[in-house]
Amino acid sequence: MKLCWLDVRATDDARSAILEEAIHQRVDGIVAATPEDLETLPPTVKKVLFPQGRPLPEDFGGADVVILDPVAHGEPAELALRHPEVEFGRFVEIIDAPTLEDACQAARNDRWAVLLFRDPTKIPLEIVIAAAARSTGSIITIAQDVEEAEIIFGVLELGSDGVLMAPRRVGDATALKQAAVTETAELDLVELTVTATAHIGMGERACVDTCTYFREDEGILVGSHSKGMILCVSETHPLPYMPTRPFRVNAGAIHSYTLSANSRTNYLSELKAGSKVMAVDIKGQTRLVTVGRVKIETRPLISIDAVAPNGQTVNLILQDDWHVRVLGPGGVVLNSTELRPGDTVLGYLPTQDRHVGYPINEFCLEK
């Protein structure tokens, strides 16, 4: 989880509602201009004093962190000697090569480096992240909105350690926290025993092309029912007559469910360029990947029925062709048209029913 600092220095009438939302969403830090603005905050949130454009107060109040402009306030290291109970950081505005070097030095040496990049390119941030690769401090990058925050979190794969953002409205704190989630939970995969297969005629199937290379033991979970899915392998393994396409999963019929962000499901037919789906490997490790394209075409279909150790049944409908494959225990690649009763495939059994893709506790019978 990346750090989320909410800047309330410029909020007006909505401040109380924004703060209430931020505390409820457990943002990591609240940034204020004066110690008085931090007094009423609970101890669950880091209190960050950032007196940009103001004199440094003599008393920091209950601030946990003080962000300094060294030209106006002095060096963080000097103040840290006089105030060991407070963590100090440095603010740097990057506008050219010299200030970029200042930012690199801050990221390497200071406990907190709060950075404002004036140009829209993220190349300077990449340089700072690379320069601070072995640093023990944290880089907090100022974002103008949630969309930019999402980009900042992913720069150079590592991303900035955190984002400082001024909310424009109630709801921004929630959106920022969601954008900060860079890791997905592991899933408990189960071994499913195939009970039957059937050729069921023509229908539309979806190939999900992502903006990512899948690993050989990785694919996406797909199923006809929201409570049972089978791990469909990507086209990373060699096939006769065609090149590998390691960004693609020939995922199944368009009605099928797959997992996406925040434990939500999507129909394959809903996916489009920019959608997120969950890539899953044979150990249940997951990551979110971005969809670049979905190809929906009419093809012959095959239905695969399987059963879990607890007796729960699972169904998956795939393109009826030998080159469409699923994964078994140990990463064994299984051609769908060669599956027979008694074969074992890997799957996942979500525990909750779904309403418009969201998990919900209600009665729902899927057949």
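Predicted model: local features only at pLDDT ≥ 70, side-chain atom pairs only at ≥ 80, totals over all residues.
## The second largest pocket

The second largest pocket holds about 200 Å³ of space.

Residues from several stretches of the sequence line the second largest pocket: Asp 7, Arg 9, Phe 50, Gln 52, Leu 116, Arg 118, Ile 142, Ala 143, Gln 144, Leu 164, Ala 166 and Arg 168. Sorted by class, this lining comprises 6 nonpolar, 2 polar and 4 charged residues. Among the lining residues are Asp 7, Arg 9, Arg 118 and Arg 168, which count as charged.

## The enclosed cavity

How many cavities of 30 Å³ or more does the count give? The count comes to 1 cavity of that size. The largest cavity contains about 50 Å³ of space.

Val 233, Ser 234, Glu 235, Leu 239, Asn 250, His 323, Val 324 and Arg 325 form the lining of the largest cavity. By class, this lining is made up of 3 nonpolar, 3 polar and 2 charged residues. Val 233, one of the lining residues, falls within strand β11, which covers residues 228-233.

## The chain as a whole

The chain contains 7 helices and 22 strands. Along the principal axes, its C-alpha atoms fill a box of roughly 80 × 45 × 30 Å. Of the 367 residues in the chain, 50% are buried.

The chain exposes about 17,800 Å², and carbon and sulfur atoms supply 50% of this area. For contacts between residues at least 6 apart in sequence, 58% join residues at least 24 apart.

## Nonpolar cores

The largest nonpolar core has 47 residues, of which Ile 30, Val 66, Leu 115, Val 128, Val 163 and Leu 176 touch the most other members. Helix α4, spanning residues 97-109, gives the most to this core, with 5 residues. Another core, of 31 residues, lies apart from it; Ala 251, Ile 304, Val 326 and Leu 339 are among its members.

Beyond its neighbours within four places in sequence, Val 66 is in contact with Leu 49, Leu 56, Phe 60, Val 86, Glu 87, Phe 88 and Gly 89. Ala 80 is 14 residues from Val 66 in sequence, and their C-alpha atoms are 9.9 Å apart in space. Ala 80 lies in helix α3, residues 76-82. With a relative accessibility of 30%, Ala 80 counts as partly exposed.

Is Gly 228 buried or exposed? Gly 228 has a relative accessible area of 1% and is therefore buried, the cut-off for buried being under 20%. This glycine lies in strand β11. Leaving aside neighbours within four places in sequence, Gly 228 is in contact with Gly 223, Gln 312, Val 314, Tyr 348, Leu 349 and Pro 350. Gly 228 and Val 314 are 86 residues apart along the chain, yet their C-alpha atoms are separated by 5.0 Å.

Lys 276 lies in strand β15, which runs over residues 276-281. Lys 276 is partly exposed, its relative accessible area being 41%. Its contacts, apart from neighbours within four places in sequence, are with Ser 260, Val 289 and Thr 290. A distance of 17 Å separates the C-alpha atoms of Lys 276 and Val 233, which are 43 residues apart along the chain.

## Two loop residues

Where does Arg 26 lie? Arg 26 is placed in the loop between α1 (15-24) and β2 (29-32). Its phi is near 60°, a positive value in a residue other than glycine. The relative accessible area of Arg 26 is 62%, so this residue is exposed, the cut-off for exposed being over 50%.

Asp 161 occupies the loop between α6 (146-154) and β8 (162-165). Asp 161 is partly exposed, with a relative accessible area of 29%. Neighbours within four places in sequence aside, Asp 161 is in contact with Lys 2, Leu 3, Gly 137, Ser 138 and Ile 139. The C-alpha atoms of Asp 161 and Ser 138 are separated by 5.7 Å, and the two residues are 23 apart along the chain.

How values were computed. Residues numbered from 1 in each chain as written. Heavy atoms only, no water. 1 Å grid on protein atoms, 1.4 Å probe; cavity = no way out; pocket = protein on both sides within 12 Å on 5 of 7 lines; lining within 4 Å. Points joined across faces, edges and corners; volume = space filled by probe spheres on them. Helix = DSSP H or I, 4+ residues; strand = E, 2+ residues; numbered from the N terminus. Buried < 20%, exposed > 50% of the residue type's maximum accessible area, 1.4 Å probe, protein only. Contact = heavy atoms within 4.5 Å. Areas by Shrake-Rupley, 256 points an atom, 1.4 Å probe, with all protein chains shown as cover. Core = buried A, V, L, I, M, F, W, Y, C linked by side-chain atoms within 4.5 Å.
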